Amino acid sequence: MSRNLPARPSLEYLKKEAKSLLDVLQQRDASAQLTDAQHALARDYGFASWPKLKSHVESMPAPAPTLVPGSAEREGGHPFAGRWVADVARSTRHPANMFQRATIDIAVDGHTVDINDESVDEAGKVLRNHNTIVADGAGHPTSNGFVLTATWQGAHGLETVATKNGEAVGRGTYTVSADGRQLTITASDQVIVLKRAIN
């Protein structure tokens, strides 16, 4: 009898599960390969092969965020949308990025999150960046050689995982408070607290 996939299966989790299964298989047969473990895992979930299981998981639509009426819907109808201003006094900045001021403009269209930020560094230089995050639970290559996977965590949270050569090298979370007035961005060695700009 085959096992049932969870309602929202994660390909990253399945890959880790296959690696764990490989350890078990190699205890029985030292010549076992990762492809053997992937095939066995796919069969266990009722699929003929690993590519068919992978294709099934990748074809599943990621759940869109569920908005809570009256909580934080603002510009564009999404809690993340709008302009945010860094509260430097309440933030823990990365030692290599001790900015004096920062603002972030976020636009959300379905699973696409466009982020434009402007900061003033320690020397007073103005820096501008633009990033697009596709929060569909699938890995997307970036221009600097990483693969970024982003997943909505309800209407008020977004989690990102950066990988290189299949290994996780960075994680980040974006969390909007229930009242929609504060955005907290957490990544390695930094926690940036931002307040919603009032028009």
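A note before the first stop: axes here are lines fitted to C-alpha atoms, for helices over the stretch in contact, and angles run from 0 to 180 degrees between N-to-C directions. The model is predicted, so local features need pLDDT of at least 70 and side-chain atom pairs count only at pLDDT 80 or more, while totals for chains, interfaces and linings use all residues. Residues are numbered from 1 along each chain as its sequence is written, and side-chain values use heavy atoms, with hydrogens and water left out.

Select α1 (11-28) and α3 (residues 50-59); helices are DSSP runs of H or I, at least four residues, numbered from the N terminus. Their axes come within 10 Å and cross at roughly 155 degrees, which makes α1 roughly antiparallel to α3 (the cut-off is over 145 degrees).

Now show side chains. Leu 11, Leu 14 and Lys 15 of α1 meet Trp 50, Leu 53, Lys 54, Val 57 and Glu 58 of α3, with contact meaning heavy atoms within 4.5 Å.

Stay on α3 and pick Trp 50, Leu 53 and Val 57: these are buried (under 20% relative accessible area, 1.4 Å probe, protein chains only; exposed is over 50%). They span an arc of only 65 degrees around the axis, so they sit on the same side of α3; the arc is taken from the directions from the helix axis to the C-beta atoms. The buried residues of α3 pack against α1 and also α2 (34-44).

Notes
Helix = DSSP H or I, 4+ residues; strand = E, 2+ residues; numbered from the N terminus. Parallel < 35°, antiparallel > 145°, perpendicular 65-115°, else oblique.
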